[in-house]
Amino acid sequence: MSTRRLTIDGVEIHDRGPCYVIAEIGHNHQGDLKQAKELIDAAKDCGANAVKLQKRSNRTLYTREFFDQPYDNEFSFGRTYGEHREALELAPEDYADLQAHARGVGITFFATAFDFESADFLAELGVPAFKFASGDIRNTPLLRHVAAFGRPMFLSTGGADLVDVGRAVEAILPLNQELCVLQCTAAYPADTDDLNLNVITTFRERYPELVIGLSDHQNGIAMAVVAYMLGARVIEKHFTLNHAAKGTDHAFSLMPEGMRKLVRDLQRVPGALGDGVKRPLEIEEGPIRKMGKKLVASRQLDEGHVLAAEDVAIKSPADGGLPPYELEHIVGLRLRRRLAPDENVELADLEPVEEPVAAHAAPRR
């Protein structure tokens, strides 16, 4: 039995359990507290296990040049990239409000920490888990800093190779073994051909003690189900209330209908997989009776008649009589009673034909 286990806010994630679904709100709230609450409510209504935001301390995260560079495009919320990012950032008190709101509706709330200051803020807030963005896969100082908090972590691996992933995992595990490694393609959106879902198998083989998942930037839901079949037990999908809203993430994020279907389909998979024992099911009895076949008399057959193959027909329904695989075993047997056309052939109606006893040959003189 697998030892992979990760507990988030009282929910245990393991190989034999259901999929843990994270609705990635990110900055799709557009810096608006009311909209963030609406997203949390919708994610809960869709059946997601958790909602996740992104926390940045923008003025310390970016170089001055990068912060001040012009950001003039259709998705911009400010004249410079820094102003744009600041416009999307919620106030510190908003996080406490959202955490309380999420707790009130019954969904787990946490965030991605993009820097040390944000990580410390979230730790003080008391979030039950942390997420690392793909851009921090090589940021071992931040990984170790967050690992020391002792809370479960999700590590996205977009843009990395196995050396990068190994370095990150080795930085975290000595401090904290509560880790989930997520296959991820750092493209927004990611084409289906770029998902490389077989990396999930690679991760499961390389890290047999860790829960493996998928941070899915593809704009559909089917590939998440494939990921579950490959062993992913955590699925993260971006979430929005409006595909046409301003911002790069909205277009490929799931709307509530899509998130609801994703959760529904993932919840159906364990039951659909079953226990691996092939056996007839009760629900199959009616259709198999209707479509199945039995052996019947092809014409009127008299008592004492020795059956030939042409005396027996194979017909539906399979509501009694002998199954067709018995045909070869009954040819050559004698009827103990008369059979009407289409009447079932039963073993009780048949007996072997006794061979005549051969006369002893006279001895030679």
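The model is predicted, so local features need pLDDT of at least 70 and side-chain atom pairs count only at pLDDT 80 or more, while totals for chains, interfaces and linings use all residues. Residues are numbered from 1 along each chain as its sequence is written, and side-chain values use heavy atoms, with hydrogens and water left out.

**Overall form**

The protein has 13 helices and 14 strands. Helices (H or I, at least four residues) and strands (E, at least two) are DSSP runs, numbered from the N terminus. The radius of gyration of the protein is 33 Å, well over the 21 Å that the globule rule gives for 365 residues, so the protein is more spread out than a compact globule. This radius is taken over C-alpha atoms, and the globule rule is 2.2 Å times the number of residues to the power 0.38. The C-alpha trace spans about 125 × 50 × 35 Å along its principal axes.

Of the 365 residues, 46% are buried. Buried means under 20% relative accessible area, exposed means over 50%, and partly exposed lies in between (1.4 Å probe, protein chains only). Among contacts (heavy atoms within 4.5 Å) between residues at least 6 apart in sequence, 63% join residues at least 24 apart. The accessible surface comes to about 18800 Å², and 51% of that surface belongs to carbon and sulfur atoms. Accessible areas come from the Shrake-Rupley method with a 1.4 Å probe; for residues, only the protein chains shown count as cover.

**Nonpolar cores**

In soluble globular proteins, nonpolar side chains tend to be buried together. A nonpolar core is a set of buried Ala, Val, Leu, Ile, Met, Phe, Trp, Tyr and Cys residues joined through side-chain atoms within 4.5 Å. The largest core here has 77 residues, and F109, F154, V169, L179, V234, I235 and M259 touch the most other members. Helix α1 (residues 33–46) gives the largest share of this core, 6 residues. A second, separate core of 12 residues includes L295, L301, I330 and V345.

Leaving aside neighbours within four places in sequence, I235 is in contact with C19, Y20, V21, I22, L214, A224, A227, L262 and L266.

**Y207**

Y207 sits in the loop between α9 (199–206) and β9 (211–216). Y207 is buried, with a relative accessible area of 8%. Apart from neighbours within four places in sequence, the contacts of Y207 are R4, V165, G166 and V169. V169 also belongs to the largest nonpolar core. The C-alpha atoms of Y207 and L347 are separated by 59 Å, and these two residues are 140 apart along the chain.

**Backbone details**

|---|---|---|
| Y188 to P189, cis | near 5° | P189: between β8 (179–184) and α9 |
| S316 to P317, cis | near 5° | P317: between β12 (312–315) and α13 (327–330) |

Positive phi values are the next topic. Phi of D9, a residue other than glycine, is near 55°. D9 lies in the loop between β1 (5–8) and β2 (11–14). N196 is not a glycine either, and its phi is positive at about 50°. The loop between β8 and α9 holds N196. At 48% relative accessibility, N196 counts as partly exposed.
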